[in-house]
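Walk me through how this chain is held together.

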Amino acid sequence: MLRIALLAAGLVLSFSSTAFAQLQPAPAAPKPAAAAADEPVPRAARAEARRDCYAENIALSGDDLRRAMRDCLQERFPGVKLYASDGLTRDGKPTAVTARAACKQEADARNLSGSERTAALVACFNGKRPDLAQRAECRKEVRGKGLAGEALKAAIAECGRSPQG
C-alpha cells in the first residue's frame, strides 16, 4: 500500500512540475539584428527564429499555427517583407496561384477548351513565371534519370540554378 502511495505521489509531482514548466514564460530569445527592408534575412537567423517561434506555439496546429508563426516571425524581423502579399512574391513576381488564376481568366475570355485551353494555360503560366516553368522541366528531366530522395532534390536545385536548364 505504501508503494502505491509513493508511486501516486511521484506521478502527481511529475505532472505538476511539467504543467508548471509549461506555464512559466520562456526566457526571451535575443532578437536577431533587423536587416534593412531591401536586404534578405540570413537563412540561419531565419531558421533559428522559426524554431523559436515554433517552440513558443507548440500547442497550436493548422491555420492557428500558421497565423501565429507568421506573426511571430514578422515581429522578429520588423520592416522586412518575409511573405508574399497581394498576389506578389517578396521579389515582385506574381505568386503561382495569382499567375494561374490570371491565365485561367485569359483562357475563359478566349472561350478555349480541351487541348487548346491546356496549351494556352501552360504557355501563359510559363510566360508569367519562367523560373517555376524551368524548375518543373528540371524535375521532369531528373525524374527521368531515375533519381530520388536527396539526390533528386540536389539535382533539381543545381538544374534550377543554371540558366534555362
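C103 and C124 form a disulfide (a pair of cysteine sulfur atoms within 2.5 Å). Their sulfur atoms sit 2.1 Å apart. The torsion about this S-S bond is about -85 degrees, so the link is left-handed. C103 lies in helix α4 (residues 96–109) and C124 in helix α5, so the pair ties together parts 21 residues apart in sequence. Helices here are DSSP runs (H or I, at least four residues), numbered from the N terminus. Both C103 and C124 are buried, where buried means under 20% relative accessible area (1.4 Å probe, protein chains only).

This is a predicted model: local features need pLDDT of at least 70, side-chain atom pairs count only at pLDDT 80 or more, and totals for chains, interfaces and linings use all residues. Residues are numbered from 1 along each chain as its sequence is written, and side-chain values use heavy atoms, with hydrogens and water left out.

A search of the whole structure finds 3 disulfides. Another one joins C138 to C159, with the sulfur atoms 2.0 Å apart. Its torsion is about -70 degrees, so this disulfide is left-handed. C138 lies in helix α6 and C159 in helix α7 (residues 149–161), so the bond ties together parts 21 residues apart in sequence. C138 is buried, with a relative accessible area of 2%. C159 is buried at 11%.

The remaining disulfide links C53 and C72, S to S 2.0 Å. With -80 degrees about the S-S bond, it is left-handed. C53 lies in helix α2 and C72 in helix α3, so this pair ties together parts 19 residues apart in sequence. With the bonded cysteines numbered in sequence order, the pairing reads 1-2, 3-4, 5-6.

C53 and C72 also belong to the largest nonpolar core, which has 11 residues. Such a core is a set of buried Ala, Val, Leu, Ile, Met, Phe, Trp, Tyr and Cys residues joined through side-chain atoms within 4.5 Å. α2 (43–56) and α3 (62–76) each supply at least two of its residues. The largest share, 4 residues, comes from α3. L82 is one of the core members. L82 touches V41, R46, L73, Q74, F77 and R90 (heavy atoms within 4.5 Å), not counting residues up to four places away in sequence.

Now the helix contact. α5 (residues 114–128) and α6 (residues 130–144) pack at an angle of about 115 degrees, with their axes 5 Å apart. Axes are lines fitted to C-alpha atoms over the stretch in contact, and angles run from 0 to 180 degrees between N-to-C directions. F125, N126, G127 and K128 in α5 meet P130, L132 and A133 in α6.

Methods. Buried < 20%, exposed > 50% of the residue type's maximum accessible area, 1.4 Å probe, protein only.
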